[in-house]
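Dear colleague,

I am passing on the structure below, and my notes on it follow directly after.

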Amino acid sequence: MKILVTGATGKVGRAFLTAFLDDDRYASAKVVALCHNRGLDAGDRVEVVSGSLSDPQAVAHAMDGVTHVLHMAAVKETPDLVIDVAIKGMFLLLEAARQSSTLKQFVLISGDCTVGHIFKEYSAPINEVSPRKAYSGCYALTKVLEEVMIEQYQIQYGLNGTVLRAPWIMEKDDFKYALSFGEEQFGGPAWSDLIGADKAMRLARGDFVPLMRDRTGASLKRNFVHVDDLVMALMAVLDHAGAMQELFNIAMDEPVDYAQVAEYLARTRDMEAVEIPTPFHSNWLDNTKVRHVLGWRPQVDFGGLIERAWSYERSPGDPRKIWYPG
């Protein structure tokens, strides 16, 4: 086995590499990491190829002799890069894969932005045949196009592709700071956009937890998955016959209910809930298919998500990322 990993320096990439290289089943496997903006240490089993996904020569070099592709690299809200890197890069990888004499499987990590996250309404749980409804912005558009491209390569050329569609991926103390009213807030929506900057600043000085309401007035239900569970799913699909040319939703068994989060933190951390009306929709990313086909089960529930986030202590060399999705 020789597996090409794009996005190897990201949250999921690093967690996957640790799990993969430590797994006795893959003790003789090699990894090729295609890196561009951030570097990775090479080793006896890890080869690093420097270059952009938009560079045909870099992609061809990285794909040489590869048996598996794990494509995780993504371009966020950067319109000047989105076509050259995200779309062209996906095309170059797929072209190299279909012409390869060694390739066995192509795995794509997609996201629930393809089905609108909390921005689009669904009348039932979102499964793998629900219509795609990208929310505004180029990132969601590219993820929809990536899913469609791999589907078409499966139809056109019989490519053995597998798509894992994940919601918002949490690790370390991400969830704690996703609920923070301060400037250190991780992810979005930015509270200042919903309640104003002054109120958000006042709330940041106390022990408050946001209780978002969806557009019906009910507590918002939003989908998450812990990075450890996503890595378990990645390990499960490798060479699995049931994963051939399949799309799987990889999410917690139930969406996170902000009312339950507020109650839990009030009980365990003496935090006070703050009601926040929003224009968002409550959605449920249904993971029934992957549980049935692959036997995968998420291990981290919403209580585990909270406890892991509140107990994590960052070192000075482990800075947090602050990111607002478009």
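In this predicted model, strand E1 (residues 2-6) and strand E2 pair in the parallel sense, and the pairing runs over 5 bridges. Within that pairing, Lys2 stands opposite Lys30 in E2. Together with helix H1 (residues 11-22), E1 and E2 make a right-handed β-α-β unit. E2 also pairs in the parallel sense with strand E3 (residues 46-50), again over 5 bridges, and here Leu34 stands opposite Val49 in E3. Of the 6 residues of E2 (residues 30-35), 5 are buried, so this strand is largely enclosed by the rest of the structure.

The peptide bond from Gly188 to Pro189 is cis, with omega near 10 degrees, and Pro189 lies in the loop between helix H5 (174-178) and helix H6 (191-195).

Asp239, although it is not a glycine, has a positive phi of about 60 degrees; this residue sits in the loop between helix H8 (227-237) and strand E11 (246-249). Because its relative accessibility is 47%, Asp239 counts as partly exposed, the range for that class lying between 20% and 50%.

Asp270 is likewise not a glycine and has a positive phi of about 55 degrees, and its place is in the loop between helix H9 (258-269) and strand E13 (272-277). With a relative accessibility of 66%, Asp270 is above the 50% cut-off and therefore counts as exposed.

Best regards

Technical notes. Residues are numbered from 1 along each chain as its sequence is written. This is a predicted model: local features need pLDDT of at least 70, side-chain atom pairs count only at pLDDT 80 or more; totals for chains, interfaces and linings use all residues. Side-chain values use heavy atoms; hydrogens and water are left out. Helices (H or I, at least four residues) and strands (E, at least two) are DSSP runs, numbered from the N terminus. Buried means under 20% relative accessible area, exposed over 50%, partly exposed in between (1.4 Å probe, protein chains only). Two strands pair if DSSP finds at least two bridges between them. A crossover is right-handed if, with the strands pointing away from the viewer, the path from the first strand over the helix to the second runs clockwise.
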